[in-house]
Structures are given as structure tokens and as C-alpha cells.
Amino acid sequence: MLLDLSEEHREHLAFLPQVDSAVVAEFGRIAVEFLRRGSNPKIYEGAARKLNVSSDTIQHGVEGLTYLLTESSKLMISELDFQDSVFVLGFSEELNKLLLQLYLDNRKEIRTVLNELAPALPSYHSLEWRLDVQLASRSLRRQIKPTVTMRLHLAENGGHSTRVLQTDPATLLHLVQQLEQALEEMKTNHCRRVVRSIK
């Protein structure tokens, strides 16, 4: 699977051939650090002074490299696919080998960092439901007022939690229709591509 780099990312990466290979390796280290701790403008300013360029150029170069490494790591693309993805950028063979080495050295760590950044969301465990129907009250002798009560059991952080929900059948039917529509949407090619890139 080849990476699809946008024109903006290509422009950000276009700075890399203009610097020494040691600087590119340092940018790789900064890119991994950027994933762990976030952006650090002081590092960009220091590197910009040394290279006599603007700090925005350095920041864009690091962000472009970060994107290249994270997307490659997310998709766990092979060495050959990575080389083919980078080849279209028109870099020298030496720079392509350096980028490949950066990817191979850091992909496990990047995947670990990305997994830590993923939110821990509760997941479905089980559901209990009950249908109540009020047939009459003191003020209205003939009325039908159905209510659906659900007890949703969720698994989160190794434990379980419970949520109690209550609704009328019309709202529940609308919710079911929306969920079915979302499931149908997941079968489209666009959604499949998005899900593959997330994994």
C-alpha cells in the first residue's frame, strides 16, 4: 500500500533535500519527540538560527516528516512500499535510504505512542430492556403511553458500569434508523479507506 501525500505535505518535505543528512536525522528525532510531548517552538527557533531559515520552514519540515512517519507506522507499510512512496518525492537515493532507516528504527515506538494517545472509550457488554405501557390515569381514562427502559452495561478500564436510558418507541425507532444508516455508510468505499488509514 502506497502513501497518498497531499501537495501541502510534499511542499513541507521539499525542505529536506536542502539540508545535511545529519540534520534530517535530527529532524526525525524531533518528529518522534513531537509525538510524545507536543510541539516545542524553542527547538524550531534554535534550528532556524543554525540553518539561517525561518522557524516556520523548520516547523513545516518536522511536521511533514512526522506525518510521513506516523502514516507509514499506522498502516505498517512494508519497506518496499515506503521506498516507493518516498520515491515519487524525487529525493536523492541517500536521502531515501535515510528516511527508510528513520521509519524502520521508529515505527514500533511511534505505534506505541499512537496507541497511548488513543482515547479509552467504554465498550458494549450487555443490554436489558423493559416495555412499560400506561393505559389510564386519574385525569385520562383512555390513553396509551408506552415507554422503553433500557439498562446498558458497559466495559471500561477493566471494570463495568451501567447506564439507564428511557425513551418512547418513536424516538427509539428513529435512533435505530440512524444507526442502520450509519452501518450502511460504513460499507461505502470512502469509509473503508478512512477506517484502513485509522488502523
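Which residues have the most contacts inside the largest nonpolar core? I started there, knowing that this is a predicted model, where local features need pLDDT of at least 70, side-chain atom pairs count only at pLDDT 80 or more, and totals for chains, interfaces and linings use all residues. Residues are numbered from 1 along each chain as its sequence is written, and side-chain values use heavy atoms, with hydrogens and water left out.

**Core.** I found 32 residues in the largest nonpolar core, and those with the most contacts inside it are Leu 16, Phe 27, Ile 58, Leu 65, Leu 68, Phe 82 and Leu 99. (A nonpolar core is a set of buried Ala, Val, Leu, Ile, Met, Phe, Trp, Tyr and Cys residues joined through side-chain atoms within 4.5 Å; buried means under 20% relative accessible area, with a 1.4 Å probe and protein chains only.) Helix α6 gives this core its largest share, seven residues. (Helices are DSSP runs of H or I, at least four residues, numbered from the N terminus.)

**Leu 68.** I skipped its neighbours within four places in sequence and got contacts with Leu 3, Leu 5, Phe 82, Val 86 and Leu 99. (Contact means heavy atoms within 4.5 Å.)

**Rings.** Next I looked up aromatic pairs, and the structure holds one. The ring centres of Phe 82 and Tyr 103 are 4.7 Å apart and the planes are at 5°, so I noted the pair as stacked. (Rings pair if their centres lie within 6.5 Å, and planes under 30 degrees apart count as stacked.) Phe 82 sits in α5 (residues 79-87) and Tyr 103 in α6, 21 residues apart. I checked burial too: both Phe 82 and Tyr 103 are buried.

Technical notes
Phe/Tyr/Trp six-rings, centres within 6.5 Å; stacked < 30°, edge-to-face > 60°. Helix = DSSP H or I, 4+ residues; strand = E, 2+ residues; numbered from the N terminus. Buried < 20%, exposed > 50% of the residue type's maximum accessible area, 1.4 Å probe, protein only.
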